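I am opening a notebook on this structure, and I want to record what I looked up and in what order.

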Amino acid sequence: MTGPGVPEPLVVVVTGASSGIGRATAVMLSNEGAHVVLAARSKAALLDAQRECAPGSTHVVPADVSRAQEVDALLAAAVDRYGRVDAVVHSAAVLAYGRFEDVPKDVFDASINVTLLGTATVARAALQQFSRQGTGSLVVVGSLLGKIAVPYMSSYVTAKWGVHGLVRCLQIETRHTPDVNVSLVWPGGVNTPVYTQAGTYLGRHGRPPPPIVSPERVARAIVRRIEHPARETSVGPANFVSVLGFRVLPGVFDTLVTPLMRLGGLSLVRADPTPGNVLEPQPSGEATHGEWGGSWPRRLTVAGARAAGSLRDAANALVAAANLRVEATNARHDRGTDSSGGAAT
Ligand SMILES: NC(=O)c1ccc[n+]([C@@H]2O[C@H](COP(=O)([O-])OP(=O)(O)OC[C@H]3O[C@@H](n4cnc5c(N)ncnc54)[C@H](OP(=O)(O)O)[C@@H]3O)[C@@H](O)[C@H]2O)c1
C-alpha cells in the first residue's frame, strides 16, 4: 500500500538469491514488505525461491555476475519495474576444493572471476545507480575466509581476501556521499548447500566447520545493514577467536589448521573430481539450507543416504576391478592356448 504517510516499500536487488544466504535474505525481505529482485544464473532455481517469497513482491531476473552486461541489465530491470534501487545485497559466490596445483586452471580462474570480479562488477553497477539516485545501500557478503587462510580452498580464500579489500576501498571512497553506503557481513560456517555444490579435486566434499549458524541468522544481519550500514558485521561465534589465532599465533595456527580442516571442514564421504557449480549452475542442488542443520533423524537420514551411495560406489569399483582381473586372466589363458597351438603346427 502506498500514499501520503505510508513509506514506500524498499526495492532490493539480491544476487545469489536462488540458494543459501541470498535466498534466505530474499524471503525475509519480501516477508517484511520489500520489493525484491531475485538474481542468479539458474532461472528454475530462482522460480523455486520466488515461490517461498510473499506473493507479488518479487521479480526474477537471471543474471551471471561475472558478465557485466547481464549485471547492468539486472539493475536496469529493477529500475524499470520499481522505479529505483534502494539496496543491493551481493551474495553470489562459487568455489572449488583441492590442493592448489590439483584444481584445474579454468576452474580456479572461474571461481575468482565469479567470486571476486563478480563482486566488483555488481558493486560498480550498484554504485553507478546509487550515484544517479543520490542514495543507496550495498551489502556485500564476505567470509571468515576473507580474514584467515586455510588449506584446500585457495580459490575461495584468494577471492574473499580481495572482496574484503575491495569493500574497504569502496567504504573510504563513498565517505563524501553520506547517503551511499557499503557494508560487509562476514559469516563463519553456515548451513547452506554451498559445500556440496562446490567443485572438488580432493576426493571429498567440504562441510561447514562448527560452530554452524543458520542462513536466516546471516540474512537477519544483512537486512539490518540495509537500513543501518556498518563497516563490518561478523556472524559466527568463533570468528574473532579464529582471526586472533591467525594473526597473533601464526606458527600455532599453521600447525593446527590442516588437521582441524580435515576433521571439521571436510566431509567423510568420497567424492569424484568435479567442477561442481563453478562453470555451470546445478539447480537441483539449490535450496535455502544444507544438510547440517535440522533434527538428528533428518541429519542421520541424509548422512545414511550419502554413506549408502559411497558404499555402492565402492562395491561397483570392486566388481569392476574383479572383472578386469578375470578378463586379464582369460586373456593370458587365451594367449597361452594360442602359443601352444602355434607350437603344435
Ligand atoms: N555457507 C557458508 O558457510 C558461508 C560462510 C561464509 C561466507 N559465505 C558466503 O555467503 C554467500 C552465499 O553463500 P551460500 O552459502 O548461500 O552459497 P549457495 O547456497 O551455494 O548459493 C550461492 C548462490 O550464488 C549463485 N551464483 C553462483 N554463481 C553465480 C554467478 N556466476 N552469477 C550469479 N549468481 C551466481 C547461485 O545460483 P546459480 O548457481 O544458479 O547461479 C546461488 O544462488 C557467498 O558469498 C559465500 O561466500 C557462505
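**Terms and source.** I call a residue buried if 20 or more other C-beta atoms lie within 10 Å of its own, exposed if 12 or fewer do, and partly exposed in between, with the C-beta atoms placed from the backbone. Helices (H or I, at least four residues) and strands (E, at least two) are DSSP runs, numbered from the N terminus. The model is predicted, and local features need pLDDT of at least 70, side-chain atom pairs count only at pLDDT 80 or more, while totals for chains, interfaces and linings use all residues. Residues are numbered from 1 along each chain as its sequence is written.

**Helix H3.** I looked up which residues of H3 are buried, and they are Val71, Leu74, Leu75, Ala78 and Tyr82. They cover an arc of only 90° around the axis (taken from the directions from the helix axis to the C-beta atoms), which puts them on the same side of H3. On the other side of H3, I found Gln69 and Asp80 exposed. Alanine 76 also has its place in helix H3, and it counts as partly exposed because it has 14 C-beta neighbours inside 10 Å. I then asked what covers the buried residues of H3, and the cover includes strand S1 (11-15), strand S2 (35-39) and H4. Just after H3, glycine 83 takes a positive phi of about 90°.

**Length check.** The expected span of a helix is 1.5 Å times one less than its number of residues. For the 15 residues of H3 (residues 68-82) this gives 21 Å, and the end C-alpha atoms are 21 Å apart, which agrees.

H1 is followed by glycine 33, whose phi is positive, near 100°. Of the 33 residues around the ligand, Gly16, Gly20, Arg41, Ser42 and Thr192 come nearest. H1 gives the most to this shell, with three residues. I sorted the shell into 15 nonpolar, 15 polar and three charged residues, where Ala, Val, Leu, Ile, Met, Phe, Trp, Tyr, Cys and Pro count as nonpolar, Asp, Glu, Lys and Arg as charged, and the others, Gly among them, as polar.

**The core.** A nonpolar core is a set of buried Ala, Val, Leu, Ile, Met, Phe, Trp, Tyr and Cys residues joined through C-beta atoms within 7 Å. The largest one has 82 residues, and those with the most contacts inside it are Val12, Val13 and Ala39. Helix H4 (residues 105-133) gives the most to this core, with 10 residues. Two residues are in contact if their C-beta atoms, placed from the backbone, lie within 7 Å. Not counting residues up to four places away in sequence, valine 12 touches Leu29, Ala34, Val36, Asp86, Ala87, Val89 and Ile226.

Tyrosine 152 counts as buried because it has 23 C-beta neighbours inside 10 Å. A cis peptide bond joins proline 210 and proline 211, with omega about -5°.

Terms used
A residue is near a molecule or strand if its C-beta atom, placed from the backbone, lies within 6 Å of it.
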